[in-house]
Amino acid sequence: MTPASYREVAEAAWSWVLDHVREFEGAWLPESVTDGWEDAGPTPDRDCLYAGIAGLAPVLAEIAQTRPLTDDESQLAVRIVERLWATAATRMEASLYDGLAGDATALRMLAPGRVGVVVHRLAELLTPDGWVTTLMGNSPEQFLTDVVMGTAGVVMAVTWVGGEEAESIALAGCEALLRAADCTPAGLDWGPWPGAPSRAPNYSHGTAGIASALAVAGATYARPDLVEAAVLGAQHLLAVGTMDKGGFVIPHTIPPSKREVEPITYTWCHGPTGTSQLFAALAHAGITEVGGLGVHHLRRRCFRSVLESGVPQRLRPGFWDNDGRCCGTAGVGDALLDAAQDAPDAAEAGELLAAAQIMGHALVERAVRVEDRAFWRFLEHRQDPPLLPPGTSWMQGAAGIAAFLLRLARVTGDGLNAPVVDRPDEWWAVPAGLRCSSAPTWFIDPR
């Protein structure tokens, strides 16, 4: 499949996303397109990176690597900045994918001069135990630890964003994570909150992501104790995972979930795709091996498990029903591109790029086309009917898939040295010389 094929579907999907952007006290878009979505209006998480307008910032940054933005796209960037900057002072949620840390991510991409007010708000909300979540309702679990909703994601974001307050905030968050750790016979483990009875040990909600945050913060701020804690986290994961057939996988949930979910999944969120980022983070921090195994070798083992699992085929209901970034094909493809662009030799890079192209081909084939627009519909095998409405968002919809396809087109067409639009939860996974995350020259701050 040619770069032009990936790019055409990406542009059609992005146009479909733009069709659904609306204005009410700032820009918003629906997470999914259902009957009556426009009358329902914006949801409380309208601004977030996961499913709101902040998630359009990395798409705009990716588009800017491909072509000049249109006037409408440039104006959308301004509207995103204005909305996020205006709400920062009253935001109570701190997390990367649902709160201020995600806002800071979008602002660094679009208007770095506006990031300071968001970072300062994170400092105001910081407690000795991290940040109080607003996402758990009346639950007593107020201090989440993870990448998506908790302290680890905030640590990642402020470390990546930088600035005068970043070091003190990041290190305070790391100290809270160290206090929340559980000692195990092999090392350190984290639940989604301190004392949680069950663990989701992979990247999005567990030890793999938390250890990654400690590794990159430890490397950035010269704190070897944080790097050592990350190594101990990796040691625990080696103890609870398996290395069959030259791969490496960790259960989705420990003890096994009572939900109807596969015991091993292969996604960014709960599988070896995301967990591979821990071994890249350890390499970034100067660690060469864990438990006698090289960290690069462990990273490759993760991808071997993914590629030998059958992904992106839908082998059975519940195995591979999602094509998005968080839980599906686009997330796998993006991590494969990271590894390909970071590979030590041409043979390994070529193998990983070919695997990323397999993911891209599946996305092109599965796109739903309506005239010159494109979108995707995922499946939820536990409901009847299983076909879900099309999603617009960064993590679960067309925006995130479009950004992956645009990047794949650039790497396939321009080579493995194509620039990478980096993000707070993966920047260390690619060579420093390829990263580009500051605001592009097309953006004009509206102040």
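**Core, helix packing and selected residues in a predicted model**

F375 lies in strand β8 (residues 373–375); helices (H or I, at least four residues) and strands (E, at least two) are DSSP runs, numbered from the N terminus. The model is predicted, so that local features need pLDDT of at least 70 and side-chain atom pairs count only at pLDDT 80 or more, whereas totals for chains, interfaces and linings use all residues. Residues are numbered from 1 along each chain as its sequence is written, and side-chain values use heavy atoms, with hydrogens and water left out.

With a relative accessible area of 11%, F375 is buried (buried means under 20% relative accessible area, exposed over 50%, partly exposed in between, with a 1.4 Å probe and protein chains only). Residues up to four places away in sequence not counted, F375 touches W16, R366, A367, V368, V370 and P390, where contact means heavy atoms within 4.5 Å. L363 is 12 residues from F375 along the chain, and the C-alpha atoms of the two are separated by 9.8 Å.

E348 belongs to helix α14 (residues 346–366). This residue also counts as buried, because the relative accessibility of E348 is 10%. Apart from neighbours within four places in sequence, E348 is in contact with H296, R300 and A343. Between E348 and W193 there are 155 residues in sequence and 38 Å in space, C-alpha to C-alpha.

The largest nonpolar core has 145 residues; such a core is a set of buried Ala, Val, Leu, Ile, Met, Phe, Trp, Tyr and Cys residues joined through side-chain atoms within 4.5 Å. The members that touch the most others are L56, Y97, L214, L282, W376, L405 and W428. Helix α15 (residues 398–414) supplies the largest share of this core, 11 residues. Y97 contacts C48, L49, Y50, V147, V148, W268, W394, M395 and D425, leaving aside its neighbours within four places in sequence.

Two packed helices are described by the angle between their axes and the distance between the axes. Axes are lines fitted to C-alpha atoms, for helices over the stretch in contact, and angles run from 0 to 180 degrees between N-to-C directions. Helix α3 (residues 57–64) packs with α15 at about 25°, the axes being 9 Å apart. The two helices are therefore roughly parallel (angles under 35 degrees count as roughly parallel, over 145 as roughly antiparallel, 65 to 115 as roughly perpendicular and the rest as oblique). V59, E62 and I63 of α3 meet A399, A403, L406, R407 and R410 of α15.

For helix α9 (residues 207–220) and helix α10 (residues 224–240), the angle is about 155° and the axes are 7 Å apart. These helices are therefore roughly antiparallel to each other. On the α9 side the contact includes L214, which is also among the core members that touch the most others. Among the α10 residues in this contact are L226, V227 and L237.
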